[in-house]
Amino acid sequence: MTTGTRCPGIATYALAALLTLVSACTPASEPEHASGPYRPPEEVRNATVVWSAAPGVDLSTTEARLIRATSESEIIGKAVGFDATYPGFAEALNSRQNRRYESSDYRGEISGTLYQHILEFDHSVVNSGFIAKTCTLDTAISRLVGGKWVPTGIGTALVTYMFTDTVGRMDGYDLKSYPLEAGADRFHWQAPSENVFGWWRAYLYDYKGLSKYYGVNTEIDPCVAWARTIDPDVALDHPPTDYARDVRPPAQPVYPGWPDPAR
């Protein structure tokens, strides 16, 4: 974890740089957490997320729980709709960013495994908060489009999030760690049954992808190196439709997952 002088003003200009995408709106599935514990929507239940972390990064910390819940909610928001995301995500996300989930471009059932990797947490540049740098690999997860399973992507990306503690309790809250417990069914999507965001606020801060559209960018070199340990054939020049197939892609066991709801 990086230490140093915190800059209280970074949140202000970071927000000004955020992208918002406005497109056609498709009605989302009825959220299942209206009463009782949250359950993942049907559209994602045949997919899993496998997390890993760079040396020195602990997946059991508060920071890791926050980035996992945020990134996984992002996937659900795009595939199903904002109302179907994890408990507390709607309140945690900056309101100017929730329009990103109105687009119908990514709607539909998904299957397979999304790989995610935490590079670092940096507490030095945000007052009462931190920056999280993560890598994502989307070659093994597909969306059902016109009867074909089309990969959601064919590359890797460096995704940076910013989290701020709105009530100034980070020093005590940040020291907590959580057992890495998974539910019984590791081959289907797992989710927290309760709100894990608390008083934290989340911002999508930056996105740099590996593709011909982003050009050469050495910042994502650590993500490329990590991604190629999983998929040596991470591509640059072919659209995902070139890899469409008739058979549903299999899901790998979730890690670390989330505990089953208390009975």
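Reader: Which side chains does Arg-248 meet in a salt bridge?

Author: Glad you start there. In this predicted model, the side chain of Arg-248 meets that of Glu-109 in a salt bridge, at 2.8 Å from N to O. The pair links distant parts of the chain, 139 residues apart: Arg-248 sits in the segment after helix 5, and Glu-109 in the loop between helix 3 and strand 2.

Reader: What does Asp-246 form a salt bridge with?

Author: Its partner is Lys-148, with the closest N and O atoms 2.5 Å apart. Here too, distant parts of the chain are linked: Asp-246 is in the segment after helix 5 and Lys-148 in strand 5, 98 residues apart. Asp-246 counts as exposed, at 56%, whereas Lys-148 is partly exposed at 36%.

Reader: Which residues are linked in a network of salt bridges?

Author: Asp-206, Lys-208 and Glu-219 are. Lys-208 is buried, with a relative accessible area of 18%.

Reader: Now to helix 2. Why is helix 2 described as largely enclosed?

Author: Because 17 of its 18 residues are buried, helix 2 is largely enclosed by the rest of the structure. After helix 2 comes Gly-81, with a positive phi near 145°.

Reader: And how should I read a pocket?

Author: Rolling a probe the size of a water molecule over the atoms shows where empty space is left. The second largest pocket here has a volume of about 300 Å³. Of its 17 lining residues, those closest to the centre include Arg-39 and Trp-189.

Methods
Residues are numbered from 1 along each chain as its sequence is written. This is a predicted model: local features need pLDDT of at least 70, side-chain atom pairs count only at pLDDT 80 or more; totals for chains, interfaces and linings use all residues. Side-chain values use heavy atoms; hydrogens and water are left out. On a 1 Å grid over the protein atoms alone, a cavity is a set of points where a 1.4 Å probe fits but cannot get out, and a pocket is an open set with protein on both sides within 12 Å along at least five of seven lines; lining residues have an atom within 4 Å of a point. Grid points are joined across faces, edges and corners, and a volume is the space filled by probe spheres set on the points. Buried means under 20% relative accessible area, exposed over 50%, partly exposed in between (1.4 Å probe, protein chains only). Helices (H or I, at least four residues) and strands (E, at least two) are DSSP runs, numbered from the N terminus. A salt bridge is a side-chain nitrogen of Lys or Arg within 4 Å of a carboxyl oxygen of Asp or Glu.
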